[in-house]
Amino acid sequence: GIVYEGISKIIFYILVPYGMIATIPTKLLTDGLDMTEWIITICVFLAYVVLGLGVWKIGLKKYDSASS
């Protein structure tokens, strides 16, 4: 099924992934990252991991098997 609709679909399917995949490595290769940018990058990564695991756990609690 579709998780996001409208503008949120564009943001979460296109803009956020593109921004994370393209911006940080390009910055690293061209200018390098200073300590503040490393810390921000790691914090954003950890926030996405925690958010993803939280959503996963909520989904598992609400899951009902089709064969049960």
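**Figure 1. Crossing of helix α1 and helix α2 in the predicted model****.** The axes of helix α1, residues 7-30, and helix α2, residues 35-62, come within 12 Å. In this predicted model, the two axes cross at roughly 155 degrees. Angles over 145 degrees count as roughly antiparallel, and α1 and α2 are therefore roughly antiparallel to each other. The crossing of α1 and α2 is left-handed.

**Figure 2. Residues at the contact of α1 with α2****.** From helix α1, the residues that take part are Val16, Met20, Ile24, Lys27 and Leu28. They meet Glu37, Trp38, Thr41, Val44 and Tyr48 of helix α2. By residue class, the contact comprises seven nonpolar residues, one polar residue and two charged residues.

**Figure 3. The salt bridge between Lys27 and Glu37****.** Side chains of opposite charge can pair when their charged atoms come close. In the pair formed by Lys27 and Glu37, the closest N and O atoms are 3.6 Å apart. Lys27 has a relative accessibility of 27% and counts as partly exposed. Glu37 is likewise partly exposed, its relative accessible area being 25%.

**Figure 4. The salt bridge between Lys27 and Asp31, and the network****.** Lys27 also forms a salt bridge with Asp31, in which the closest N and O atoms are 3.7 Å apart. Asp31 has a relative accessible area of 61% and is therefore exposed. The count of salt bridges comes to two. Lys27, Asp31 and Glu37 are linked in a network of salt bridges.

**Figure 5. Gly19 in helix α1 and its separation from Ile42****.** Gly19 lies in helix α1. With a relative accessible area of 25%, Gly19 is partly exposed. In sequence, Gly19 and Ile42 are 23 residues apart. In space, the distance between Gly19 and Ile42 is 15 Å, C-alpha to C-alpha.

**Figure 6. Leu60 in helix α2 and its separation from Gly32****.** Leu60 is found in helix α2, and its relative accessible area of 48% makes this residue partly exposed. Leu60 and Gly32 are 28 residues apart in sequence. From C-alpha to C-alpha, Leu60 and Gly32 are 40 Å apart in space.

Key:
Residues are numbered from 1 along each chain as its sequence is written. This is a predicted model: local features need pLDDT of at least 70, side-chain atom pairs count only at pLDDT 80 or more; totals for chains, interfaces and linings use all residues. Side-chain values use heavy atoms; hydrogens and water are left out. Axes are lines fitted to C-alpha atoms, for helices over the stretch in contact, and angles run from 0 to 180 degrees between N-to-C directions. Helices (H or I, at least four residues) and strands (E, at least two) are DSSP runs, numbered from the N terminus. Angles under 35 degrees count as roughly parallel, over 145 as roughly antiparallel, 65 to 115 as roughly perpendicular and the rest as oblique. A crossing is left-handed if the near helix is turned anticlockwise from the far one by less than a right angle, and right-handed if clockwise. Contact means heavy atoms within 4.5 Å. Ala, Val, Leu, Ile, Met, Phe, Trp, Tyr, Cys and Pro count as nonpolar, Asp, Glu, Lys and Arg as charged, and the others, Gly among them, as polar. A salt bridge is a side-chain nitrogen of Lys or Arg within 4 Å of a carboxyl oxygen of Asp or Glu. Buried means under 20% relative accessible area, exposed over 50%, partly exposed in between (1.4 Å probe, protein chains only).
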